[in-house]
Amino acid sequence: MGLAHSEHSNPETVGEVATGTRIVRRDAHAPTQRVSCDICVIGSGAAGISAALEAARLGRRVILVDSLPVLGGQAVNSIIGTFCGLFSNGDYGYQFTHGIADDILSDLGAMDKALFYRHGPVTTVVYYDEVALGRWVEESVRKAGIVTILGAIMRKVERNGRRVKSIELATRYGDVIVEATGFVDASGDAALAWLGGFACREPSGNPVFGTQMVVVENIDESAHPTRAQLAQKMEEKGEAYGLLRRNCVSFVIPGRNIAALNMTHTETPLEPLAASKSTLDGKAQADLSVKFLMEQFPDCFGKAKIRSYGMPGIRQTRWIVGKHQLSLDEVRQGFRHPDAIGRTAWPVELHDHGAGYAWQTFPEDHAHYIPLGSLIPEEADNLCAAGRCIDADLAALSSVRVMGPCMAMGAAAAHALDLAGSGSVQQIDVGALQKRLSDNLDRTDGGGKDRNLN
């Protein structure tokens with residue numbers, strides 16, 4: 001856009017009311033704004049927020065970039081509604097990931113009905129209020145002094161061999177170039193790695209479907225159907241309603257008479273026209289699913305209405321080629337990599353067919369680990385990925401892309417870049433990194449019945 005310049009002004013007033021205006025015209029030769037920092041984080045979802053806050057706590061100058069005009073990524077704006085993969089298996093497992101997870105659970109837990117712990121049947125899942133989480137993210141970033149650039153589309157990455165030098169952003173207010181010593185790609189789609197010309201991966205067969213979440217209000221919690229009842233009715237009636245998916249989840253936080261619905265499967269193509277169409281198709285699917293609930297479960301949903309639609313929820317699209325590709329065998333074996341940086345026990349949850357998804361759970365004593373090598377692009381020295389764009393095979397990625405391990409990956413990326421400084425993340429002291437991340441690798445506390453808020 002460039003900077004504007006004034007041709008003339010008219011600083012008049014009528015009484016006590018200012019009426020002056022000025023004429024401005026775009027300056028085609030205005031320089032692009034340049035800013036610099038130690039660590040630049042792309043994406044403000046669970047992984048990106050964790051990376052940005054950890055880096056700020058390390059005393060690093062941080063710039064946080066997001067393509068949306070608000071913070072929070074999918075965790076807030078897609079209304080995912082649940083913290084998954086944060087606890088070990090069993091009805092009252094221990095907490096796997098700490099850092100900002102501790103702060104979120106503590107701060108939102110102190111609010112009225114902002115969190116609810118569902119213990120079992122496989123693990124502990126924490127339901128959260130997306131508005132409360134959004135404000136927590138915004139205030140945490142503001143208080144940490146992190147510079148934000150929102151509504152920013154990355155259109156160019158400048159490299160010097162194996163190092164990313166800068167990224168060029170387009171915003172409605174003008175273009176910005178961000179220079180940094182290190183970068184975290186928490187974009188979800190490996191946007192920085194892709195634009196930088198680094199090797200990336202995509203699914204080679206069926207695409208992985210996303211979900212259009214909606215929140216409905218005015219439900220009767222006491223009449224809420226079980227998951228088995230929902231699944232049975234969808235098998236019987238789903239085709240008549242035009243529903244693509246045949247299984248679903250309805251998350252209810254007790255005492256609020258609202259439910260977050262995970263009932264749709266939507267394509268998530270990396271092409272602008274198809275992606276835009278899918279956004280509209282997903283909301284149409286969501287409308288049909290609510291109609292289905294209102295008519296098939298009238299005691300619970302008969303008076304329900306949609307309170308809000310989330311942004312399209314995206315699971316797996318494109319990711320980096322790292323030093324190491326996490327495999328399904330390693331996940332199933334619970335293999336602890338020599339350069340492990342985080343852990344989870346979340347099931348394999350692969351949404352690669354429209355009607356349903358693969359769901360393979362693990363024993364109560366199981367944990368699988370994420371290696372640093374899966375966060376580091378094989379061809380880069382000052383770039384770490386975090387979140388759903390790390391390197392793993394299709395099934396393995398489906399078990400580590402949920403919010404608990406994403407927070408652990410964000411923290412690891414921040415600490416790895418801090419240790420690397422102006423050097424290479426390929427050559428950092430892994431032992432020193434793991435010492436910093438020991439809570440996310442070895443602690444076995446942070447669970448129990450006292451965490452259940454009823």
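A: Let's begin at Cys-200, which counts as partly exposed at 21% relative accessibility. Here buried means under 20% relative accessible area, exposed means over 50%, and partly exposed is in between, using a 1.4 Å probe and protein chains only. What you see is a predicted model, where local features need pLDDT of at least 70 and side-chain atom pairs count only at pLDDT 80 or more, while totals for chains, interfaces and linings use all residues. Residues are numbered from 1 along each chain as its sequence is written, and side-chain values use heavy atoms, with hydrogens and water left out.

If a disulfide is taken as a pair of cysteine sulfur atoms within 2.5 Å, the count comes to zero. For Cys-200, the nearest cysteine sulfur belongs to Cys-389 and is 8.5 Å away. Cys-406 is in no disulfide either, with the sulfur of Cys-389 nearest to it at 8.9 Å. Cys-406 is buried, its relative accessible area being 7%.

Now for the helices. Helices (DSSP runs of H or I, at least four residues) and strands (runs of E, at least two) are numbered from the N terminus. Helix H11 (403-420) has 18 residues, of which 17 are buried. From first C-alpha to last, H11 reaches 26 Å, close to the 26 Å expected; the expected span is 1.5 Å times one less than the number of residues. After H11 comes Gly-421, with a positive phi near 55°.

H11 is also among the elements covering the buried residues of helix H1, along with strands S5 (33-42), S6 (62-65) and S13 (174-185) and helices H3 (100-109) and H4 (130-143); contact means heavy atoms within 4.5 Å. In H1 (residues 46-57), the 12 residues should span 16 Å, and the end C-alpha atoms are 17 Å apart, which agrees. Since 11 of those 12 residues are buried, H1 is largely enclosed by the rest of the structure. Among the buried ones are Gly-48, Ile-49, Leu-53 and Glu-54. Gly-59 follows H1 and has a positive phi, near 85°.

Next, the aromatic rings. Rings of Phe, Tyr and Trp (its six-membered ring) pair if their centres lie within 6.5 Å; planes under 30 degrees apart are stacked, over 60 edge-to-face, and the rest tilted. The whole structure holds nine aromatic pairs. One of them joins Tyr-127 and Phe-251 edge-to-face, at 5.2 Å centre to centre with 70° between the planes. Tyr-127 lies in strand S9 (residues 124-128) and Phe-251 in strand S16 (residues 249-252), so this pair ties together parts 124 residues apart in sequence. Tyr-127 is buried at 5% relative accessible area, and Phe-251 is buried at 11%. Together with Phe-116, these two residues form one aromatic cluster.

Another ring has a charge as its neighbour: Arg-159 lies over the face of Phe-198, 3.9 Å from the ring centre. A charge sits over a ring if NZ of Lys or CZ of Arg is within 6 Å of the ring centre and within 35 degrees of the ring normal.

Strands S11 (residues 153-160) and S12 (residues 163-171) pair in the antiparallel sense over seven bridges; two strands pair if DSSP finds at least two bridges between them. Lys-156 has Glu-168 in S12 as its bridge partner. Two residues separate S11 from S12, and Gly-161 in the turn has a positive phi of about 65°.
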